[in-house]
Amino acid sequence: DTVPVKQRESERKRKRMITNYRFVAKGDVAVGFAISFANYNTDDSQFFGMIEDFSGQISAFSTKPFVAYFYAPNSCLGVKYANTKIDADLSSLYIDIDEDLNMDFGKTGFAYALNSVALIHRSYVGLDRGHRFGLFNETALEYSWGDMDYTRTLTAGLTETNTQIQQLRIGLNPGLSVFVMDKFTVEASVGIAGFKMNRKRQTTN
């Protein structure tokens, strides 16, 4: 099966024969889920010769489910949701750049939580008759919200800063999709262009 591709003929250009094989059929539903977790513990580590005293723990956790409906062959509309959390508890952080410039952050805490919902449209191009390999371009309209807490403890006392975050983004994300099983695909994509608006409100105690 193929999907017709319209193209103008030009007297100055040779006609190109472009075949767009059917990658996903009309009426199919795509459901996906991505999860990631990272945890790092350190005790007096050294990085790049500048961070001499770095002791603490950093953890990051992210979940990203999505669902999409193919209203036409190789074309779908869908919704994505993402939840990301990052926590850092640093008992010591000392940066030494040179003899005259160094910084001691003392005991530092960092907590970041962000949620996002995106409406997406994808257009696929099937690359082979076996419906196994395909390229896609994803257009996404995404709204994100969350907050970030930063605490710092020095001899003068505890300082706490809270930042409320709101973000609106429009992005283009091309990628590659491969059916490794009959109903299971592996995908890789990259954001190449987009427009983003940020709104932040910060309070310090």
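Of the 205 residues in the protein, 28% are buried. The model is a predicted one. The protein has 11 strands and zero helices, so that its elements, read from the N terminus, run β-β-β-β-β-β-β-β-β-β-β.

**Overall figures**

- The accessible surface of the protein comes to about 14,300 Å², and 56% of this area belongs to carbon and sulfur atoms.
- Among contacts between residues at least 6 apart in sequence, 61% join residues at least 24 apart.

**Nonpolar core and aromatic cluster**

- In soluble globular proteins, nonpolar side chains tend to be buried together.
- Eight residues make up the largest nonpolar core here: Phe23, Val24, Ala68, Phe70, Cys76, Tyr124, Phe136 and Phe179.
- One aromatic cluster is formed by Phe23, Phe70, Tyr124, Phe136 and Phe179.
- The structure holds seven aromatic pairs, and two of them are described next.

**The pair Phe23 and Tyr124**

- Phenylalanine 23 and tyrosine 124 form a stacked aromatic pair, with 5.5 Å centre to centre and 20° between the planes.
- Phenylalanine 23 lies in the loop between β2 (20-21) and β3 (29-42), while tyrosine 124 lies in strand β7 (residues 107-126), so the pair ties together parts that are 101 residues apart in sequence.
- Phenylalanine 23 has a relative accessible area of 5% and is buried.
- Tyrosine 124 counts as buried too, at 7% relative accessibility.

**The pair Tyr124 and Phe136**

- Tyrosine 124 also forms an aromatic pair with phenylalanine 136; this pair is tilted, with 5.5 Å centre to centre and 50° between the planes.
- Because tyrosine 124 lies in strand β7 and phenylalanine 136 in strand β8 (residues 133-154), the pair ties together parts that are 12 residues apart in sequence.
- Both tyrosine 124 and phenylalanine 136 are buried.
- Leaving out residues up to four places away in sequence, phenylalanine 136 touches Arg122, Ser123, Tyr124, Asn173, Pro174, Gly175, Leu176, Ser177, Glu187, Ala188 and Ser189.

**Arginine 122 over two rings**

- The charged end of arginine 122 sits over the ring of phenylalanine 136, 4.1 Å from the ring centre.
- The charged end of arginine 122 also sits over the ring of phenylalanine 66, 5.9 Å from the centre of that ring.

**Glutamate 142**

- Glutamate 142 lies in strand β8.
- With a relative accessibility of 17%, glutamate 142 counts as buried, because the cut-off for a buried residue is under 20%.
- Glutamate 142 touches Ser116, Val117, Ala118, Gln167, Leu168 and Arg169, not counting residues up to four places away in sequence.

- Most residues other than glycine have a negative phi.
- Asparagine 74 has a positive phi, near 70°, and is a residue other than glycine.
- Asparagine 74 is found in the loop between β4 (51-72) and β5 (75-98), and counts as buried at 2% relative accessibility.
- Histidine 131, which is not a glycine, has a positive phi of about 60°.
- Histidine 131 is in the loop between β7 and β8, and is partly exposed, with a relative accessible area of 24%.

Notes. Residues are numbered from 1 along each chain as its sequence is written. This is a predicted model: local features need pLDDT of at least 70, side-chain atom pairs count only at pLDDT 80 or more; totals for chains, interfaces and linings use all residues. Side-chain values use heavy atoms; hydrogens and water are left out. Rings of Phe, Tyr and Trp (its six-membered ring) pair if their centres lie within 6.5 Å; planes under 30 degrees apart count as stacked, over 60 as edge-to-face and the rest as tilted. Helices (H or I, at least four residues) and strands (E, at least two) are DSSP runs, numbered from the N terminus. Buried means under 20% relative accessible area, exposed over 50%, partly exposed in between (1.4 Å probe, protein chains only). A charge sits over a ring if NZ of Lys or CZ of Arg is within 6 Å of the ring centre and within 35 degrees of the ring normal. Contact means heavy atoms within 4.5 Å. Accessible areas come from the Shrake-Rupley method with a 1.4 Å probe; for residues, only the protein chains shown count as cover. A nonpolar core is a set of buried Ala, Val, Leu, Ile, Met, Phe, Trp, Tyr and Cys residues joined through side-chain atoms within 4.5 Å.
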